[in-house]
Amino acid sequence: MVQAQQPQASPPSQPKRRRPGQDWKAWPQYDAAELGLRGYWYPVTWSSKVTGTPQRQTLCGEKLVLIRDGGEVYALADRCPHRGVPLSLGRQEFPGTLTCAYHGWTFDLESGKLCAVLTDGPKSPICGKVVQKTHPVEERHGIVWVYLGDGEEPHPLDEQLPEEWRDGSFVLGGSMQDRRGDWRYACENGFDEGHAKYLHRTSLWRLFRTMPTWNITSIERQGRWIHRVQKEVHFRDEHSGLGVWTNYRWWKKKPPERVFNIGNVGDLGKPVHPVIGRQEFPGYTSISVPGVLRVVYPDFIHYEWWVPTEPGHHRYVGIMIQYREGLSTLPFYLKYFGGIRWFFHGQFSQQDEWMVGETDAPPERLYRPDASLTAWRKLVEETTTTHEAARAAKARRQDYDV
Amino acid sequence: MVQAQQPQASPPSQPKRRRPGQDWKAWPQYDAAELGLRGYWYPVTWSSKVTGTPQRQTLCGEKLVLIRDGGEVYALADRCPHRGVPLSLGRQEFPGTLTCAYHGWTFDLESGKLCAVLTDGPKSPICGKVVQKTHPVEERHGIVWVYLGDGEEPHPLDEQLPEEWRDGSFVLGGSMQDRRGDWRYACENGFDEGHAKYLHRTSLWRLFRTMPTWNITSIERQGRWIHRVQKEVHFRDEHSGLGVWTNYRWWKKKPPERVFNIGNVGDLGKPVHPVIGRQEFPGYTSISVPGVLRVVYPDFIHYEWWVPTEPGHHRYVGIMIQYREGLSTLPFYLKYFGGIRWFFHGQFSQQDEWMVGETDAPPERLYRPDASLTAWRKLVEETTTTHEAARAAKARRQDYDV
Amino acid sequence: MVQAQQPQASPPSQPKRRRPGQDWKAWPQYDAAELGLRGYWYPVTWSSKVTGTPQRQTLCGEKLVLIRDGGEVYALADRCPHRGVPLSLGRQEFPGTLTCAYHGWTFDLESGKLCAVLTDGPKSPICGKVVQKTHPVEERHGIVWVYLGDGEEPHPLDEQLPEEWRDGSFVLGGSMQDRRGDWRYACENGFDEGHAKYLHRTSLWRLFRTMPTWNITSIERQGRWIHRVQKEVHFRDEHSGLGVWTNYRWWKKKPPERVFNIGNVGDLGKPVHPVIGRQEFPGYTSISVPGVLRVVYPDFIHYEWWVPTEPGHHRYVGIMIQYREGLSTLPFYLKYFGGIRWFFHGQFSQQDEWMVGETDAPPERLYRPDASLTAWRKLVEETTTTHEAARAAKARRQDYDV
């Protein structure tokens with residue numbers, strides 16, 4: 001599925017074999033990133049699911065064992081270096097450690113150091129000489145976040161969370177689901193300008209609101225986010241030789257046939273959402289690296305993380321938040337469990353899941369609304385560090401096959 | 001499974017590593033044709049099964065979407081060029097078109113041209129610039145036939161149907177089944193002189209008729225058909241050191257131990273089947289390209305098509321016809337649904353299915369009755385156009401693996 | 001999984017990419033022997049299971065058909081040379097032969113010679129010109145043993161059976177199970193000094209006997225066997241910074257914390273087991289090629305054969321014997337079926353099955369008790385004939401993939 005990388009300097013005489021836009025050569029790092037981008041924090045599971053019993057997770061093609069000890073969550077590579085048995089089959093024999101089920105190799109959770117070998121006595125010569133790979137872990141907002149890097153010191157998790165999460169004065173509901181489909185297809189589907197108007201026209205989530213038929217959209221960058229800004233919205237068209245196409249239904253609110261100049265990125269910074277009452281974020285559909293979507297609704301903010309797991313698979317993390325505290329959070333939970341969870345994180349999102357699972361590109365033939373896709377790919381290309389990182393990821397993926 | 005093709009001119013000093021007959025090098029096009037022969041009409045499904053709801057079919061390794069519109073059946077490549085989603089997941093939004101489920105790309109069924117993109121407005125710049133591959137389709141005798149070529153104008157379907165089908169004054173019953181096994185094994189099994197006498201000796205279809213034990217057979221070509229002409233038929237043998245072998249059973253009709261000079265291809269053209277009363281076909285078991293068997297019984301004619309689908313799989317199309325019209329077709333249906341369907345297109349044919357699924361050649365070690373197999377391979381080799389076609393098919397098969 | 005073989009003479013300048021002990025380059029034949037060692041007898045099934053109905057078995061990657069005729073068991077390659085159909089789908093039409101289900105090719109069981117072709121008459125020209133590969137078979141102690149070689153005359157089965165089996169005055173119970181995991185992982189697990197003390201600490205088989213925590217062990221060779229001789233046994237340790245580790249339980253017999261100088265291989269030959277009353281075997285856990293374990297208990301002797309079947313799979317053959325005859329065998333059967341079968345050949349052994357199925361090495365990181373593993377690998381390396389045999393096995397494995 002992954003295409004060969006563009007050579008550093010390709011001879012000019014070499015014939016082009018594909019039309020532009022049909023492959024991913026313009027985005028070599030993105031093309032190579034089948035197993036995700038290194039050097040980021042990823043949401044892996046709910047905090048409440050990690051206990052003293054080791055738990056297996058796959059993140060960016062790496063098998064991890066998660067375990068909670070003394071209130072903290074630890075993540076280690078899930079392969080005992082002795083004979084390759086998963087550490088997640090083991091158990092905790094001493095506080096602060098995890099012991100392999102096979103020969104009792106016991107690793108310190110904090111450092112990964114082999115601190116005891118129960119079947120080789122207290123003076124086992126191998127103790128201290130083997131260090132198991134560990135990954136930085138943070139818990140925030142009830143979610144376990146793991147930093148997937150290559151040994152470097154991670155940046156603070158807060159730098160990577162959406163800016164509006166920092167003070168934490170909100171209530172949150174969400175759903176995590178393992179899904180088929182390359183994580184990049186999921187990102188592209190999420191930020192895609194085009195499909196919602198056709199694929200989701202039958203979603204229950206839009207039971208009373210009419211979907212547009214097509215838009216003119218501008219993609220504008222602001223810091224680490226790119227935003228989809230609507231310039232025109234159309235609700236009814238005449239297709240010559242075919243007939244009228246509209247998403248109007250008699251029982252739905254009927255917007256005008258077209259709306260122009262809805263807003264522009266110059267409005268950024270203005271308090272567009274009185275309910276939320278915050279200046280610092282815009283009010284558009286936005287995406288940032290390593291694959292996070294933000295959609296601002298009048299009352300809520302919706303997020304999606306698409307977390308790479310195995311090749312061709314990802315984990316969908318759908319989150320809905322509202323700026324409420326204390327007793328006033330009750331209506332949020334009622335609304336979330338009474339509807340959002342089933343209609344939005346459920347049926348609506350499963351339409352996406354269906355298409356992401358069926359997508360098979362490149363080759364591909366892009367059209368005008370795919371400007372959102374290419375802007376996203378460009379963002380990844382500019383944001384991720386070096387080609388080397390991508391090559392490393394590619395090499396790692398080949399190991400995976402063996 | 002597919003062997004390398006014989007080089008155009010092999011140096012005489014090169015050592016032979018297999019005994020003659022053990023591989024398929026003598027039939028390089030046949031050897032390469034794992035996904036079938038290009039440039040032929042194939043029966044794909046029953047007419048009654050194709051409606052306005054798109055239907056997925058695989059033919060010669062190509063995924064197709066079939067749909068009926070205005071009474072006609074259309075076949076298009078089942079992959080939206082935009083992002084690779086199957087068109088068969090879509091639906092018909094306007095007459096004469098098919099719309100992809102994901103972004104509303106709408107293709108004209110006749111020409112394959114992208115005629116509207118519902119999510120990009122009536123003036124979408126990509127309209128008319130993308131053409132989806134289409135395949136010629138015909139309906140005849142209640143069956144949908146698709147021409148699998150490489151863009152050339154197809155020959156008329158009637159040229160390829162058995163000659164005796166042309167006036168259509170017959171009644172027809174049949175069964176289509178997806179089966180495992182390379183389509184070539186199925187062809188070879190169908191025209192095989194040898195196996196029937198042993199494998200099928202226990203079939204209910206032959207409950208009252210004794211199978212021969214072995215024959216002397218001549219394979220004779222007449223136009224595009226080759227015929228199996230029996231010269232001798234044997235019903236009882238003494239195998240030295242082992243004992244007597246016969247298919248005689250006390251309750252079955254007991255033919256003489258051996259019969260000589262039963263007929264020869266010189267009889268072709270004589271009206272051998274009074275019930276059918278036709279001159280133009282012989283009365284033997286015959287096969288023609290791209291894989292059609294004809295067996296003439298006193299009262300019926302039986303046909304089998306083995307249609308390549310995916311590597312290692314084919315579709316069995318068993319058809320029984322009788323030259324009857326009007327009210328006199330009733331006994332045919334009684335006989336077909338009262339017996340033929342269960343005993344012949346059922347248990348008898350499933351013995352073949354079993355062996356075709358287990359066959360694994362080359363390497364192989366041919367014996368005297370396999371003259372029928374090699375004649376069939378030779379027919380394919382002489383009939384199919386060029387090595388290039390076979391090479392193309394082979395290349396296509398490699399794409400399939402990716 | 002299989003690593004490249006060590007080059008005959010590697011240039012000294014070549015950089016080492018793995019730390020010593022992390023791959024299997026030191027044991028090139030062992031490394032190549034994914035499909036087992038050629039030139040040995042293997043237990044394949046129980047005698048009582050082989051009847052006149054052909055039976056399929058896979059041994060060292062080769063598919064075999066077993067059949068009993070005139071009291072004798074025969075083993076032939078399970079692929080008809082004609083068209084590749086398994087002979088095990090056929091049946092016996094004449095005594096001393098097996099007939100293929102497809103075309104009635106009939107093979108002499110003793111010689112493998114094609115002695116009749118039922119669908120080509122008694123004078124079929126191919127008769128006598130095709131010889132099917134046969135394998136030497138012996139039955140001993142109720143087990144069918146097949147010699148897997150390359151056509152050479154096999155050594156006598158008795159030379160390969162444990163020495164104490166020769167007079168046969170014992171009673172035997174056992175269990176054969178198809179298991180996942182490379183046969184070498186199973187051998188290494190079986191002779192492994194380390195894992196029992198941790199993995200099996202929860203086994204019901206040791207319900208009343210305390211497992212040690214670790215041992216000092218010496219591996220000593222005697223003829224074709226290597227023995228694990230305990231020098232020290234420890235039952236309780238203090239791991240600094242962690243705490244006490246012991247397998248003591250209040251309801252189990254409590255051995256002393258450590259025992260020194262338990263025995264040494266100089267004791268070999270002395271009658272260590274009064275119940276068995278025999279001089280010729282030692283009393284230790286021992287292993288020999290091609291993968292047989294012997295564990296001597298005060299009252300019983302336990303054996304395990306790990307028989308290579310397909311890549312990544314093996315057959316576990318667990319046998320328990322006792323030197324009793326006549327009426328005195330009754331208590332053995334009571335004990336075997338009342339306990340040993342469920343606790344030892346059952347739950348205890350399934351703990352091993354679990355780990356063998358999860359093992360994934362190399363790479364690996366060996367520790368002190370793995371001296372037993374490396375001694376076993378060295379034994380294989382010294383015992384098996386030539387690199388050529390291993391290379392042949394490797395080549396055969398590649399055929400298997402095709």
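Where does Pro363(B) lie in chain B? I will come to that residue in a moment, but let me say at the outset that what we have here is a predicted model.

Pro363(B) sits in the loop that runs between α5 (330–358) and α6 (371–383) of chain B, and the peptide bond joining Pro362(B) to Pro363(B) is cis, with omega at about 0°. In chain A there is likewise a cis bond from Pro362(A) to Pro363(A), with omega near 0°, and Pro363(A) has its place in the loop between α5 (330–358) and α6 of chain A. On the phi side, Cys60(A) has a value near 50°, which is positive although the residue is not glycine, and Cys60(A) is found in the loop between β2 (55–59) and β3 (62–69) of chain A.

Let me turn now to how chain A is laid out, which is as domain 1, covering 40–148, and domain 2, covering 163–383. The C-alpha centres of these two domains of chain A are 36 Å apart, and their contact draws 15 residues from domain 1 and 18 residues from domain 2. Between them an area of about 1,400 Å² is buried, and carbon and sulfur atoms give 70% of it.

Next, the helix packing in chain A, where helix α3 (residues 183–191) and helix α6 (residues 371–383) pack at an angle of about 130°, with their axes 9 Å apart. That angle is why α3(A) is described as oblique to α6(A), and the crossing of the pair is right-handed. On the α3(A) side the residues are Trp183(A), Cys187(A), Glu188(A) and Phe191(A), and they meet Ser372(A), Leu373(A), Trp376(A) and Arg377(A) of α6(A). Sorted by class, this contact has five nonpolar residues, one polar and two charged.

Finally, chain C, in which the axes of helix α3 (residues 183–191) and helix α6 (residues 371–383) come within 9 Å and cross at roughly 130°. Given that angle, α3(C) is therefore oblique to α6(C), and here the crossing is right-handed. Trp183(C), Cys187(C), Glu188(C) and Phe191(C) from α3(C) are in contact with Ser372(C), Leu373(C), Trp376(C) and Arg377(C) from α6(C), and the residues of this contact divide into five nonpolar, one polar and two charged.

Note on methods. Residues are numbered from 1 along each chain as its sequence is written. Chains are lettered from A and ligands numbered from 1 in the order in which they are written. This is a predicted model: local features need pLDDT of at least 70, side-chain atom pairs count only at pLDDT 80 or more; totals for chains, interfaces and linings use all residues. Side-chain values use heavy atoms; hydrogens and water are left out. Axes are lines fitted to C-alpha atoms, for helices over the stretch in contact, and angles run from 0 to 180 degrees between N-to-C directions. Helices (H or I, at least four residues) and strands (E, at least two) are DSSP runs, numbered from the N terminus. Angles under 35 degrees count as roughly parallel, over 145 as roughly antiparallel, 65 to 115 as roughly perpendicular and the rest as oblique. A crossing is left-handed if the near helix is turned anticlockwise from the far one by less than a right angle, and right-handed if clockwise. Contact means heavy atoms within 4.5 Å. Ala, Val, Leu, Ile, Met, Phe, Trp, Tyr, Cys and Pro count as nonpolar, Asp, Glu, Lys and Arg as charged, and the others, Gly among them, as polar. Domain bounds come from an automatic or database domain assignment. Buried area is the accessible area (1.4 Å probe) that two parts lose on being put together, summed over both.
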